[in-house]
Amino acid sequence: MTDVFRPVLRQSLTDDLAQRVKQLIQSDGRKPGDRLPAISELARRFGVGHPTLREALKKLETLGVVDIRHGSGMYVGKNLNMLLLSNPIFEGAVTKKLLVDLIEARMAIELKSVALAAENATEEELEGMSQSLASAGQNLGDDSALNVANMTFHRRIAVGSGNTVLCQVLEVLSSLFKDEQQLILDIHGSRAKDHEEHLGILEALRQKNAALAVERMRAHLEGVRNALLRWDPSDTTAQR
């Protein structure tokens, strides 16, 4: 127990904290729905600031390991056994090929995850996807907030798939290439069209129509890929 609460000193602080919170839950024998200590208490025990801890908790919330209920507190989520992978740091140059490679990798992962989500996603998970898109719709003019909402939507589809490995691979990709995802949004251009495509994917998931969900996800990601292939890196003017 004392090992769980020792101050975190290694570099990947967010990943370390996420692992420690999960260890705390498991070592205490807590079950889904059980209340967790307040953020202030956890921050004191782990010897970190509130912002750093919130970042780790946000990762755990996205994966369903914890459930943060505003105005109520923090509880153990239903995906307590979710595999947690540490996110590496990418320091290479951003190139057109890298962005195309990123979308193609996402296509391989997300076509499978959306098919599984059509079969396995719960009403609660679908509602989480809907909330992400509601946030996106309210932030079409704020690229930073829009990118966060969009990627959260895609992560929640992966969580809804029920496949922990697919979910974590997408999580690593999203975190590793966070800035590149923002650049892709700029290049793709049409925020409104992108949003409508997301809504169409959610509709197919609500219908539990795997074939339609895959078709719409493929069209969505291929549209992004085609925009990247047309992109001239020497033109720094972001499309709108």
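Mentor: Start with a term: buried means under 20% relative accessible area, exposed means over 50%, and partly exposed is in between, using a 1.4 Å probe and protein chains only. This is a predicted model, where local features need pLDDT of at least 70, side-chain atom pairs count only at pLDDT 80 or more, and totals for chains, interfaces and linings use all residues. Residues are numbered from 1 along each chain as its sequence is written, and side-chain values use heavy atoms, with hydrogens and water left out.

Trainee: Is Asp143 buried or exposed?

Mentor: Go by its relative accessible area, which is 13%. That value is under the 20% cut-off, so Asp143 is buried.

Trainee: Which residue forms a salt bridge with Asp143?

Mentor: A salt bridge is a side-chain nitrogen of Lys or Arg within 4 Å of a carboxyl oxygen of Asp or Glu. Here the closest N and O atoms are 2.7 Å apart. Asp143 lies in helix H6 (residues 143–161) and the partner in helix H9 (residues 191–206), so the pair ties together parts 48 residues apart in sequence. At 7% relative accessibility the partner counts as buried too, and its name is Arg191.

Trainee: Those helix labels, where do they come from, and which helix holds Arg216?

Mentor: Helices (H or I, at least four residues) and strands (E, at least two) are DSSP runs, numbered from the N terminus. Arg216 meets Glu203 in a salt bridge, 3.2 Å from N to O. Glu203 is in helix H9, so the pair ties together parts 13 residues apart in sequence, and Arg216 itself lies in helix H10 (residues 210–230).

Trainee: What is the relative accessibility of Glu203?

Mentor: Both partners count as partly exposed. Arg216 has a relative accessible area of 27%, while for Glu203 the value is 41%.

Trainee: How many salt bridges does a search of the whole structure find?

Mentor: One of them joins Arg69 and Asp67, with the closest N and O atoms 3.0 Å apart. Others share partners and join Glu41, Arg44 and Arg45 into one network. The search of the whole structure finds twelve.

Trainee: How far apart are the end C-alpha atoms of helix H3?

Mentor: The expected span is 1.5 Å times one less than the number of residues. H3 has 13 residues (50–62), so it should span 18 Å, and the distance between its end C-alpha atoms agrees: 18 Å.

Trainee: Which residue follows H3 with a positive phi?

Mentor: H3 itself has buried residues, including Leu53, Ala56 and Leu57. After the helix, phi is near 85° at Gly64.
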